[in-house]
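Please look through the sequence and the model below before reading on.

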Amino acid sequence: MNIVASNKTNEKVLLMGNEAIARGAIEGGVEVVTAYPGTPSSEIVETLAEIANDFDYYVEWSINEKVAFDIAAGASILGARSLVVMKNAGLNVAMDTFMTLPYTGIKGGMVVVVADDPGAHYSSNEQDTRFAAVYAEIPCLEPANQQEAKEMTKEAFEISEALELPVFLRSVTRLSQASGDVILGEFKKPFKKIGFNKHWKMPYRWNVYGPPGPVNKHKWIHLQMEKSKEIIEKSKFNTFTLPANTNIGIIASGLGASYTLEAISELGLEGKLAFLKLGFAYPLPEEKLRKILKDLKKLIVIEEGDPVIERQVRSFAQDIFTEIEIFGKERRQILNPYGELNGDCVVKGISKAIGLQLKENQKRVNIKREIQKKVSPRSSTLCAGCPHLGTYWAVKKALQDRKGVHIVNGDIGCYEQGGYGVFSHKINPTDDNSKAYSISSPYEILDTIYVMGSGIGMAMGQSQAGYKDGKILAVAGDSTFFHATLPAVVNAVYTKADITYLVLDNSWTCMTGHQPNPTTGINTTGEKTKVIDISKIAEMMGITCIRVVDPYKVEESIQAIQEALDFKGPSLVILRRECALQVQRREKHKNPQTFIDRDKCTGCKQCLRLGCPAITFDNENKIAGIDSLLCVDCGLCNQICSFGAITLKKGNNYV
Amino acid sequence: MFNMIIAGVGGQGSILASHIFADAAIRASVANGDNDIKVRLGETFGAAMRGGAVASHVKIGSDVFSPFVPEDKSDVVLGLEPLEALRVGVKYIAPGGIVIMNIRKYESVDVKTGQAEYPSISDIIGSFKKLNANVITLDATEIAIKAGTAKAMNVVMLGALAACPKNPVPRKILEEVIKDRVPSKTIEVNLKAFELGFNKVSEDLRK
């Protein structure tokens, strides 16, 4: 049984931050849950989907964050408690309704969970979405540990209903993806009392344009946020310690507060500093702030992400406490305004602000520097037997035969690794206007990568700008096709853009942990549902050159891509083959039958260029090998070896 | 306070191993009535499912708050792969700490394509010695195959850890959590793997 569904109240268990948020939602009586998967947020709804049958809520993986947000909002204005979950970049997609919903407010508690990614471990950028909560003028909670993540999620429903506004809960990678001890609470039975009243408490309540109009509805948000002050001031999530005779203080929020507590103990400063731990990044508890600032000369602000709290504190302090020196990520900078926090940089930052000298063992530093040189990088790779390996091999071959500087626009998904490069491969940039580079591995094939759905749009821009130096391609996965590229495909047909769009259809949303999507055939909770065929949609949208091919078939894939590249106008190739990991999990693949014929292998390393992690190379004997722990017998290396040296044991077939 | 980092390559099972250990640490604290003890488990892994460097930080203690071990403060580095043991160890191992290392290499694409070099095992061990760390090595992959499957290498390493005097979590509780957390069909193989790893290191330490 999943521990998140455990009814053992008061038991202490190990929960991941995301599991703790899922548990908090159930303890808060959630009724409708929506999300689009995105690391580091995915396990919240993955968990809620897995245990959905034990509880009385609705849960879905929506097509994108905007749709997910609208669904949660629709449920909430009927009075249902709703939870919508996304990663940092996902909020950008949902932004339209996110900015407007507070004007009407909501009825049933609505909690918006956004997991940021300082350090950009799994994201295109480090954006701090707490700014978005300030922008939309709604309360923003920021948990410091897994226990708080659970408590805050639960409490957020109450605050949301008290203020009739959505409440924002901001997590970060190191909270969502980390685990800690959590004491389980009681489940709350969902209210299940939904109803619709067009003029609920106010005229034209659910219509921003309805009288008295958007400006008055904006004014109403400010009245509600004024009311929030009392809640914020009393909240158990904002706590402070104020020892006598100190003129140095720290304000820290979220995970920053956890690093700070450890730094205080490391530096032996317990009981010597004023410390305000904030659970709300917006709005700030002004009374508590006033009390702590009163006697201070120096204030250090420690927060994960951008200086969101620091700016609010500075703006608050500037009229009343003009003498205080404020240290943080801007002006008196003690922490980098980029990258993520860790215990070491917080210790150094605090020391710098208060003028403590840290001892450094120079001898050890030198030894470490020498050893560090031996630690070679480990580039990330696609999995053994990944269908994308076949796709990228075919793309490389198809483009190799054509002169020019071709552009392959990437997108977001496992296949984005096609643009990560080989970490130890040194690049020498030049200022040539157009320049072709040789491609030695599938990890060097994508030329541009930004965000979900941007690849095909970029390709259209290159086509419409009149680029003639080479072919223009865009790549996206099946889930991305539905999430963000449908309008772009229509646009391409409508404007006759001369581009080739490759959809890498492996039937799952893989990079975020294999969630189902409209190409999978099952829904969020595993029930059978209709498979939506991408080629049929494209055909109805007006694309006339469509090829569907199996990327495990190398020659056919090259041929299909060549035909699409030759076509004038928008063309589409769907490279369809289920994710090899999912097939493995289902079919429990036995020992692989692929092996290297040692008499035929010439040591040419052609097979290594496929980029499959199951192919090894014995440098002493100059011979390739197959890692039997990884190989799935996909047959790709068999097709690309020019010497017939990679083959199957007798009586076996490739998948 | 006890700090440990489990280092490996995506797919080797370091995340499962770290969850087993952290879960066992919580159960041990509950069994002892230590209500102040907190456990944190922080993980760093690449975007991919497989093949990238993975490090799981486990912290146990009453003054633990954040999920990451500071530099030079890891009491134990459990290396499921030699290069990853070194990658983590050089930054985090505490002077006097223990590195328990599986000697089976998992070569990177960088090494396979000749763009980077893989340091020798003796060079890696020598590096740890320079950092004043103690090193215990074993071919955990070979031991796991003996137990029934190479996939149980991560549990062999947990057994090896359990044999070290620095390990704060009772062997019995670790075995109990293994039973709860590994797929039910593989419980026997995993318990065998744990025992073989435990025995190997116990014998080496006795010598």
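**A walk through the model**

Ile26(A) counts as buried, because 27 C-beta neighbours lie inside 10 Å, and this gives a starting point inside what is a predicted model. Ile26(A) has its place in helix H1 of chain A, which covers residues 17-27. Leaving aside neighbours within four places in sequence, Ile26(A) is in contact with Phe55(A) and Phe187(A). Asp56(A), which is 30 residues away from Ile26(A) in sequence, has its C-alpha atom 9.3 Å from that of Ile26(A).

The domain assignment divides chain A into domain 1 (3-234), domain 2 (239-354), domain 3 (387-584) and domain 4 (590-648). The centres of domain 1 and domain 2 of chain A, taken over C-alpha atoms, are separated by 27 Å, and the contact between them takes 27 residues from domain 1 of chain A and 21 residues from domain 2 of chain A. On the domain 1 side, at least two residues each are supplied by several elements of chain A, among them helix H5 (130-136), helix H6 (146-163) and strand E7 (167-172). The largest share of that side, 5 residues, comes from H8(A). Sorted by class, the side of domain 1 of chain A that touches domain 2 of chain A has 14 nonpolar, 3 polar and 10 charged residues.

Which residues have the most contacts inside the largest nonpolar core? They are Val156(B) and Met157(B), in a core of 182 residues. This core also draws at least three residues from each of domain 1 (3-234) and domain 2 (239-354) of chain A. A second, separate core has 76 residues, including Leu446(A), Ala459(A), Ala474(A) and Leu610(A).

Val156(B) and Met157(B) are both among the buried residues of H6(B), a helix that spans residues 153-162 of chain B and has 10 of its 10 residues buried. Not counting residues up to four places away in sequence, Met157(B) touches Ala17(B), Leu78(B), Leu80(B), Ile100(B), Asn102(B), Ala140(B) and Gly197(B). Ala160(B), which is also buried in H6(B), is one of the residues that Val201(B) touches, and the others are Ile136(B), Leu138(B), Ala163(B) and Cys164(B), again with residues up to four places away in sequence not counted. Val201(B) has its place in helix H8 of chain B, at residues 187-206, and counts as buried because it has 23 C-beta neighbours inside 10 Å. By comparison, the C-alpha atoms of Val201(B) and Ile145(B), 56 residues apart along the chain, are separated by 17 Å.

We now return to chain A, where an open sheet of 5 parallel strands has the order E16-E17-E18-E20-E19. Strand E16 (407-409) and strand E19 (545-549) of chain A stand at the edges, and each has a single partner strand, so one side of each is left without a neighbour in the sheet. On average, and with direction ignored, neighbouring strands of this sheet are turned by 20° against each other. Strand E18 (residues 500-505) and strand E20 (residues 571-576) of chain A run parallel and are joined by 6 bridges, and Tyr501(A) stands opposite Leu572(A) in E20(A). Helix H16 (residues 478-495) of chain A lies across strand E17 (472-477) and E18 of chain A, running at about 105° to E17(A). Helix H17 (residues 534-541) of chain A also packs on the sheet, where it touches E18, E19 and E20 of chain A, and its direction makes about 175° with that of E19(A).

Some backbone details remain. Most residues other than glycine have a negative phi, and most peptide bonds are trans. Lys496(A), in the loop between H16 and E18 of chain A, has a positive phi near 55°, and this residue is exposed because 11 other C-beta atoms lie within 10 Å. Asn245(A) likewise has a positive phi, near 60°, and lies in the loop between strand E9 (239-241) and strand E10 (248-253) of chain A. The peptide bond from Thr39(A) to Pro40(A) is cis, with omega near 15°, and Pro40(A) lies in the loop between strand E2 (32-35) and helix H2 (43-50) of chain A. The peptide bond from Tyr282(A) to Pro283(A) is also cis, with omega near -15°, and Pro283(A) lies in the loop between strand E12 (280-282) and helix H10 (286-293) of chain A.

Technical notes
Residues numbered from 1 in each chain as written. Chains lettered and ligands numbered in written order. Predicted model: local features only at pLDDT ≥ 70, side-chain atom pairs only at ≥ 80, totals over all residues. Core = buried A, V, L, I, M, F, W, Y, C linked by C-beta atoms within 7 Å. Buried ≥ 20, exposed ≤ 12 C-beta atoms within 10 Å, placed from the backbone. Domains from an automatic or database assignment. Contact = placed C-beta atoms within 7 Å. Helix = DSSP H or I, 4+ residues; strand = E, 2+ residues; numbered from the N terminus. Nonpolar A, V, L, I, M, F, W, Y, C, P; charged D, E, K, R; others polar. Pairing = 2+ DSSP bridges. Axes fitted to C-alpha atoms, helices over the stretch in contact; angles between N-to-C directions.
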